[in-house]
Amino acid sequence: MSEDRPAVFVIDDDPSMRRSLDTLLRSVALDVHIFSSTQEFMHAKRPEAPACLVLDVRLPGMSGLTFQQELAKAGVALPIIFISGHGDVAMTVRAMKAGAAEFLTKPFEDQVLLDAIHAAIERDRARRRDVASLADLKARYRALTEREREVMQLVVTGRANKQIAAELSLSVVTVKVHRGQVMHKMQARSVVELVRMADRLGLAGSD
């Protein structure tokens, strides 16, 4: 994934607002993609880069708030900055509870929007790093043999080598070898770190 140039997607049915936002965002070297409708946005190819969505609340057909729900259902995890000329407290609370990054009422200062966009992009960048990190962790786990996975599961539940050996009908020496392989393949520097990895993988548990 390229992180050279963050992208900002804008959905607003007002042509003058689209032009204004396009000019502003390009002036700070952002990769801007402007849309007049949610349908146009959904059919467009999106670049693989940290990004956020600037979304008008009031749109023809589906409202911005409803579109926020549809994006979540579709697994699109873009941070959303809502903009509205008719915002109220209830609307703002609904948007923020659903995970919006910010809710701005028109007219707003350029710098306020830019600050919100940069914060949202950083949020998406962190999410993407986390997704990549989890994918790498899953690949390491898949590289374990079935026996190593069994040993790992028992290690992270707090079993000592002797207990693992008894449970799996192995010698303590063999358990130590498997345990060493688990630590090496998972790139874990300690049992505590291995437990954290197992937790991220949804494997951690205790009797």
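Colleague: Which residue of β2 does V8 stand opposite?
Modeller: This is a predicted model. In it, β1 and β2 run parallel and are joined by 5 bridges. Within that pairing, the residue of β2 opposite V8 is V32.

Colleague: What is the strand order of the open sheet?
Modeller: The sheet has 5 strands, and the pairing is parallel. Two strands, β2 (31-35) and β5 (102-105), pair on one side only, which puts them at the edges. Neighbouring strands are turned by 20° against each other on average, direction ignored. The order is β2-β1-β3-β4-β5.

Colleague: How many of the residues of β1 are buried?
Modeller: A7, F9 and I11 point one way from the strand and are buried. V8 and V10 point the other way and are buried too. So β1 is largely enclosed by the rest of the structure, and its buried count is 5 of 5.

Colleague: What angle does the direction of α1 make with that of β2?
Modeller: Helix α1 (residues 15-27) packs on the sheet. The strands touched by α1 are β1, β2, β3 and β4. Its direction relative to that of β2 is about 170°.

Colleague: At what angle to β5 does α4 run?
Modeller: Helix α4 covers residues 89-97. This helix lies across β4 and β5. Its angle to β5 is about 155°.

Colleague: Which residues have the most contacts inside the largest nonpolar core?
Modeller: That core has 21 residues. At least two come from each of β1, β3, α3 (64-73), β4 and α4. F41 touches F9, I11 and L53, among others, not counting residues up to four places away in sequence. The residues with the most contacts inside the core are F9, I11, F41, L53, L55 and F82.

Colleague: Is D12 buried or exposed?
Modeller: D12 sits in the loop between β1 and α1. Not counting residues up to four places away in sequence, D12 touches M17, R18, F35, S36, D56, L59, I83 and K106. Its relative accessibility is 0%, so D12 counts as buried.

Colleague: And P107, buried or exposed?
Modeller: P107 is in the loop between β5 and α5 (110-142). Its relative accessible area is 80%. The cut-off for exposed is over 50%. Therefore P107 is exposed.

Colleague: What separates the C-alpha atoms of P107 and S171?
Modeller: Along the chain, P107 and S171 are 64 residues apart. In the model, their C-alpha atoms are separated by 72 Å.

Colleague: How is α6 oriented to α9, roughly parallel or roughly perpendicular?
Modeller: Helix α6 (residues 146-156) packs with helix α9 (residues 191-200), their axes 9 Å apart. The angle is about 110°. Angles of 65 to 115 degrees count as roughly perpendicular. That makes the orientation of α6 to α9 roughly perpendicular.

Methods: Residues numbered from 1 in each chain as written. Predicted model: local features only at pLDDT ≥ 70, side-chain atom pairs only at ≥ 80, totals over all residues. Heavy atoms only, no water. Axes fitted to C-alpha atoms, helices over the stretch in contact; angles between N-to-C directions. Helix = DSSP H or I, 4+ residues; strand = E, 2+ residues; numbered from the N terminus. Parallel < 35°, antiparallel > 145°, perpendicular 65-115°, else oblique. Pairing = 2+ DSSP bridges. Contact = heavy atoms within 4.5 Å. Core = buried A, V, L, I, M, F, W, Y, C linked by side-chain atoms within 4.5 Å. Buried < 20%, exposed > 50% of the residue type's maximum accessible area, 1.4 Å probe, protein only.
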